[in-house]
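Here's a quick tour of the model, one neighbourhood at a time. Keep the structure open as you read.

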Amino acid sequence: MKCATLLILGLLLCAALLSAAQKQSGKTKTKKVKNKQKAPIDQQEELVLPKAESCKAASCKLPECRCSDNVLPRTKFQGKESEIPQFVTITFDDAVNAVNYAQYELLFSGLTNPDGCTASGTFFLSHEYTDYVRVNALYRAGHEIALHSVTHGDGTDYWRAADVATIEREFGDQLQMLQAFAKVDPQSVQGMRLPFLQISGNNSFAAAKRLGLSYDSSWPTQQFKDPAMWPYTLDYLSKQDCQIGPCPDAAIPGFWVNPMVTWTDTEGYSCSMIDACVYPPEDKVDALFDWMLENFNRHYEGNRAPFGMYLHAAWFSRGRNYFAAFKKFIHHLNTYPDVYLTGIARMLEYVKKPVLGAPFKGCPAMPAAACHAVQCHVQKLSTGEERYMNVCDKCPAVYPWLGNPLGQQRL
């Protein structure tokens with residue numbers, strides 16, 4: 001019970017951090033949108049989903065289905081754990097701006113995976129204060145662009161109570177914004193993370209599937225971190241512990257959960273994100289590095305489940321040596337012959353078709369998405385505020401927002 005309490009406290013710290021981070025910068029664009037989403041559910045319509053049953057391995061087969069209690073990619077890999085490639089998924093939440101974009105460039109500069117492919121991370125973007133020109137640059141550099149909502153909501157209550165229609169609007173509108181303003185192909189956007197990691201039971205996952213997404217990464221696990229939990233689908237009932245409910249109990253076939261396997265801080269408490277750790281090490285490069293390595297080795301020396309490094313860039317400003325230690329650590333991992341730094345979607349490609357040794361036969365193609373940077377001065381209609389945004393090619397008429405994702409002038 002004490003651990004769960006500290007996890008919640010840590011998440012509140014994260015919320016305070018992201019609030020500060022979102023006050024930093026802003027810029028954006030417009031274009032004709034190829035809509036990935038399905039027709040939204042009517043506000044009054046209740047989505048009825050079948051109850052999930054316990055998973056039976058005989059009826060749940062890759063690449064479409066995976067039970068939540070499988071501890072290895074394939075049972076025949078038992079005893080060959082050291083031959084399983086170790087994936088490291090580095091994810092950043094919230095707005096991309098001039099300051100943190102420079103940090104991202106420094107972190108990933110020169111990193112190449114053992115197969116010769118460029119190392120990459122996943123960026124769960126929120127709309128407000130995001131610089132879409134820099135999002136375009138991350139996208140063209142091979143990073144995964146994922147969804148974190150338009151408004152970021154009004155706290156955990158908003159997301160806990162969100163119906164399917166609300167979630168479809170928040171994330172469906174964001175898909176349109178990314179295509180119009182950053183020239184991100186909506187078909188390349190596969191995942192989402194809910195603000196404050198606050199899911200709304202079945203609604204979160206049903207809405208994500210309706211939008212054409214393939215995975216969610218919002219659900220922490222304390223119980224399944226040694227051995228660490230592998231990604232799984234919601235065809236059947238999940239055995240994952242529910243730290244921040246309500247958690248799903250419906251069958252949502254083919255939709256993947258990338259569980260946020262918690263870290264352990266210096267006092268032994270679990271933290272869902274690096275910046276949610278209540279008791280981090282002292283602010284020294286070596287102490288921070290050793291702590292990161294200890295958490296990594298629980299995966300690397302164990303069942304090789306993907307190792308998640310989840311944080312907000314604002315964490316780097318909390319200590320003099322946080323950024324240097326983080327950079328030293330991921331560059332250290334890049335010296336391993338069997339460690340792959342990839343986005344979550346790329347890692348899931350492996351989970352669907354796992355092999356021992358080298359995980360892929362080739363490198364993903366870099367997207368061609370030329371962007372002519374434009375700075376826009378527009379008004380946010382809901383508040384009357386003046387906003388500046390950086391976008392690709394053409395400015396919207398007004399500040400894009402929920403219900404008006406393309407920023408079209410209202411008569």
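Which residues does Leu-341 touch, not counting residues up to four places away in sequence? The list is Val-88, Ile-90, Leu-111, Asn-113, Ala-119, Ser-120, Ile-330 and Leu-333. Bear in mind that this is a predicted model. Leu-341 itself sits in strand β13, which covers residues 339-341, and it is buried, with a relative accessible area of 0%.

**Around strand β1**

Let's move to Thr-89, which is found in strand β1. Its relative accessibility is 1%, and the cut-off for buried is under 20%, so Thr-89 counts as buried. Leaving aside neighbours within four places in sequence, Thr-89 is in contact with Phe-307, Gly-308, Met-309 and Tyr-310, and also with Thr-342, Gly-343, Ile-344 and Met-347.

Two of those names, Ile-344 and Met-347, turn up again in helix α9 (residues 344-352), where they are buried along with Arg-346, Leu-348, Tyr-350 and Val-351. What do the buried residues of α9 pack against? A set of strands: β1 (86-93), β2 (122-125), β3 (144-147), β5 (215-216) and β8 (252-257).

**The nonpolar core**

The largest nonpolar core has 111 residues. Phe-92, Phe-296, Met-309, Phe-326 and Phe-329 are the ones with the most contacts inside it. Helix α5 supplies the largest share of this core, 9 residues.

Not counting residues up to four places away in sequence, Phe-92 touches Tyr-104, Leu-107, Phe-108, Thr-122, Phe-123, Phe-124, Leu-311, His-312, Ala-313, Phe-316 and Phe-326.

**Where α3 meets α5**

Helix α3 (residues 132-140) packs with helix α5 (residues 164-182) at an angle of about 90°, and their axes are 9 Å apart. Angles of 65 to 115 degrees count as roughly perpendicular, so that is how α3 and α5 are placed relative to each other. On the α3 side, the contact is made by Tyr-132, Val-135 and Asn-136; on the α5 side, by Met-177, Leu-178, Phe-181 and Ala-182. By type, the residues of this contact divide into 6 nonpolar, 1 polar and no charged.

Strands β14 and β15 run antiparallel and are joined by 8 bridges. Ser-382 is found in the loop between β14 (373-380) and β15 (385-392). Ser-382 is exposed, with a relative accessible area of 54%.

**Apart in sequence and in space**

A few pairs for your distance tool, all C-alpha to C-alpha:

| Pair | Apart in sequence | Apart in space |
|---|---|---|
| Val-135 and Cys-392 | 257 residues | 9.9 Å |
| Leu-341 and Pro-114 | 227 residues | 9.5 Å |
| Ser-382 and Leu-402 | 20 residues | 9.9 Å |

Note on methods. Residues are numbered from 1 along each chain as its sequence is written. This is a predicted model: local features need pLDDT of at least 70, side-chain atom pairs count only at pLDDT 80 or more; totals for chains, interfaces and linings use all residues. Side-chain values use heavy atoms; hydrogens and water are left out. Axes are lines fitted to C-alpha atoms, for helices over the stretch in contact, and angles run from 0 to 180 degrees between N-to-C directions. Helices (H or I, at least four residues) and strands (E, at least two) are DSSP runs, numbered from the N terminus. Angles under 35 degrees count as roughly parallel, over 145 as roughly antiparallel, 65 to 115 as roughly perpendicular and the rest as oblique. Contact means heavy atoms within 4.5 Å. Ala, Val, Leu, Ile, Met, Phe, Trp, Tyr, Cys and Pro count as nonpolar, Asp, Glu, Lys and Arg as charged, and the others, Gly among them, as polar. Buried means under 20% relative accessible area, exposed over 50%, partly exposed in between (1.4 Å probe, protein chains only). Two strands pair if DSSP finds at least two bridges between them. A nonpolar core is a set of buried Ala, Val, Leu, Ile, Met, Phe, Trp, Tyr and Cys residues joined through side-chain atoms within 4.5 Å.
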